[in-house]
Amino acid sequence: MPARPEGQATMVSLALLTEASDAAIVAEGVSRIFGPLRAIDRLSVVIPRGVIYGLLGPSGSGKTTFLRMVVGALRPSEGRLLIFGTPMPDRKIAARIGYMPQSPALYPDLTLRENLAFFGAVYRVPRQQLEHRIDELATDLDLLAWLDHPLYRFSTGMLQRASLAIALLHEPDLLVLDEPTIGLDPLLRRVLWQRFRTLASAGTTLLISTHSMDEAERCDLLGFLRNGRLLASDTPAALRAATGQESLEDAFLVLAGQPILPVEPAR
Ligand code: ADP
Ligand code: MG
């Protein structure tokens, strides 16, 4: 009997489908085109549920553009983007997503409680639950003493935590965070990462963009983005092993085809 390569192809795609059917995010050749620019260029990835997926890449590599497609704020120009099995954008799915944008979109003249109440109504958190949820999040994120202060009095770190509280209000199944710890001190970073891990353990999927390599180490899976292209997507250990590098930064440079220059010691 002649070999049947089509048969093999079917098996492969069936395996992919099985993996993908339960995934939080499936991108199939997704592009986002702005005029002459492919900000995201034929990106394919499968992100399982309950993991922390770190999207790593230099400024302008397309991180925010991809995240905005995931949350349904931007439509892909090409390809298919499925969240929990449903093509985006989709309003029902959007309601299951929490999004912390790169620059927090909050009302500075309102108190934290008023901001949370406003977004609670937007996300349709039932009134009876909202008050409890606000207290719970403010406690967890160490903002209880600030609930009745206007946001214009908040520090950067407090605003980041306020923004995270808003993203978490409706207990989303998918949490999308755009450089959530930028400008935060190391202690606060650690607190937030503990929080992310707790959420993932409870089954929430987290998609986090960062250019911090030590944060990348804390992710279950990492995607390296450069010029809109996903160079690799795997565990931190596998990315190091595949490139023969000890540091993720060097692994990234190898994947990007960049020379690794020796670091000059400080004088
Ligand atoms: P990152 O978040 O990794 O810094 P972005 O996704 O913000 O990257 O941007 C990727 C590229 O797309 C950049 O060159 C940026 O200038 C461009 N870009 C992003 N949004 C738009 C837009 N709305 N119109 C035109 N170009 C855009
Ligand atoms: Mg960005």
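This is a predicted model: local features need pLDDT of at least 70, side-chain atom pairs count only at pLDDT 80 or more; totals for chains, interfaces and linings use all residues.
Residues between the buried limit of 20% and the exposed limit of 50% relative accessible area count as partly exposed. T64, at 26% relative accessibility, is therefore partly exposed. Q102, with a relative accessible area of 40%, is partly exposed as well.

## Residue D41 in strand β2

Strand β2 (residues 37-47) contains D41. This residue has a relative accessible area of 9%, so D41 is buried.

The side chain of D41 forms a polar contact of 2.8 Å with the side chain of R42. Leaving aside residues up to four places away in sequence, D41 touches V30, S31, G228 and R229.

## Helices α6 and α7

The packing of two helices is described by the angle between their axes and the distance between the axes. For helix α6 (residues 156-168) and helix α7 (residues 186-201), the axes come within 11 Å and cross at roughly 10 degrees. Angles under 35 degrees count as roughly parallel, and α6 and α7 are therefore roughly parallel to each other.

On the α6 side, the contact is made by G157, R161, L164 and L168. On the α7 side, L188, L192, R195, F196 and L199 take part. By class, this contact has six nonpolar, two charged and one polar residue.

Technical notes. Residues are numbered from 1 along each chain as its sequence is written. Chains are lettered from A and ligands numbered from 1 in the order in which they are written. Side-chain values use heavy atoms; hydrogens and water are left out. Axes are lines fitted to C-alpha atoms, for helices over the stretch in contact, and angles run from 0 to 180 degrees between N-to-C directions. Helices (H or I, at least four residues) and strands (E, at least two) are DSSP runs, numbered from the N terminus. Angles under 35 degrees count as roughly parallel, over 145 as roughly antiparallel, 65 to 115 as roughly perpendicular and the rest as oblique. Contact means heavy atoms within 4.5 Å. Ala, Val, Leu, Ile, Met, Phe, Trp, Tyr, Cys and Pro count as nonpolar, Asp, Glu, Lys and Arg as charged, and the others, Gly among them, as polar. Buried means under 20% relative accessible area, exposed over 50%, partly exposed in between (1.4 Å probe, protein chains only). A polar contact is a pair of N or O atoms within 3.5 Å; within protein, one must be able to donate a hydrogen and the other to accept it, and residues adjacent in sequence count only if both atoms are side-chain atoms.
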